[in-house]
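Dear colleague,

I am handing over the structure below, which you have not worked with before. Please look through the sequence and the model, and then read the notes that come after them.

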Amino acid sequence: MKQDRKLPTYLLLLVVLVLLHQGIRKQVSGVGIDTDTYLNASRTFWSSGNPWAPTEFFAYIYPPFLAFVLWPLTCFSRSMSGCLWVALQFGALCIVFDRYLLPGRQWGQKQRWQALAMLTVSFPVLQNEFKNGQVNLLVLALVVIACEGSRRLKGWPLGLAIGVKLTPLFVIPYLACRKRYRDILTAMFAFVLSLSIPLWIGGTEVRAGFGTYLEHMVVGGGHGSRRTFNLSAHLEGWTGPSIGGVPIHLLCAALLLGGIVFLDMTRAAPERSAR
């Protein structure tokens, strides 16, 4: 009987160890993954250069805030900074579990099976996330904290998440439906700060590069290669797995955000009925 109770724990640890092993191994031995793009953009930013300029790595397609805050990681060797990045990813994943799978910090049998099911279903996405050193888990953790509705933090996590990657803007209509207008204003204020401070510190070349980045990303000008990015070219030229013509990674992102909204609504229902 005790062995049955420990089974989900063993399976959970196995899945986590596989993800961490694959992530650390790729960070130590691999070059040219997303983490290299982030670190290179940060070094370029703090050298008063244009982080969106074409390089040997994948194009940097994010607002300047990510390059701005990653400066501490550039002080370490590539292997060490990669391992620290994996630790940040794992911490972000733990935050998601902590907010929605551990009510009252109770790590019981039910929560273990829920965590295992969540990891199993999302394993291909998480595997890609850890092996390529992507930033999506960190953004997801910030969105989860914002949707969880912390009175102390309010909309600050969401604003910072938008500052890292514009995708969480889709959470704003949900907050409006929940009548959390103060959180929306706080999030927009945090986003403006996360955008204006790096552009002010970065200087003229960073501001000019950001203007070109917006033009290429929204209205065109790129050809969808490794060195430039264009949204329409990216969607039209996508040759990877897709469903109904929509890239699978965009569908996964929509499912993750939709899951956050659904879990938040189900947790809020008992609170409204209690009132």
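Predicted model: local features only at pLDDT ≥ 70, side-chain atom pairs only at ≥ 80, totals over all residues.

Residues are numbered from 1 along each chain as its sequence is written, and side-chain values use heavy atoms, with hydrogens and water left out.

I begin with the helices, which are DSSP runs of H or I with at least four residues, numbered from the N terminus. Axes are lines fitted to C-alpha atoms over the stretch in contact, and angles run from 0 to 180 degrees between N-to-C directions. Angles under 35 degrees count as roughly parallel, over 145 as roughly antiparallel, 65 to 115 as roughly perpendicular and the rest as oblique.

Helix H7 (residues 136-148) packs with H8 at an angle of about 155°, their axes being 8 Å apart, which means that H7 is roughly antiparallel to H8. In this pair Val139, Leu142, Val143, Ile145 and Ala146 of H7 meet Pro157, Leu158, Leu160, Ala161 and Val164 of H8, where contact means heavy atoms within 4.5 Å. By class, the contact of H7 with H8 has 10 nonpolar, no polar and no charged residues; Ala, Val, Leu, Ile, Met, Phe, Trp, Tyr, Cys and Pro count as nonpolar, Asp, Glu, Lys and Arg as charged, and the others, Gly among them, as polar.

Helix H8 (residues 156-164) also packs with helix H10 (residues 181-202), here at an angle of about 40° and with the axes 7 Å apart, so H8 is oblique to H10. The residues that make this contact include Trp156, Leu158 and Gly159 of H8 and Thr186, Ala187 and Met188 of H10, and by class the contact of H8 with H10 has 10 nonpolar, 4 polar and no charged residues.

Turning to the loop between helix H2 (34-46) and helix H3 (64-69), one finds Asn50 there. A polar atom of the Asn50 side chain lies 3.1 Å from the backbone nitrogen of Trp52. Leaving aside neighbours within four places in sequence, Asn50 is in contact with Thr44, Glu205 and Gly209.

Trp52 also belongs to a cluster in which ring pairs link Tyr38, Trp52, Tyr60, Tyr62, Trp85 and Phe210. Rings of Phe, Tyr and Trp (its six-membered ring) pair if their centres lie within 6.5 Å, and by this rule the count comes to 11 aromatic pairs.

With kind regards

Methods
Helix = DSSP H or I, 4+ residues; strand = E, 2+ residues; numbered from the N terminus. Polar contact = N/O pair within 3.5 Å; in protein donor to acceptor, adjacent residues only side chain to side chain. Phe/Tyr/Trp six-rings, centres within 6.5 Å; stacked < 30°, edge-to-face > 60°.
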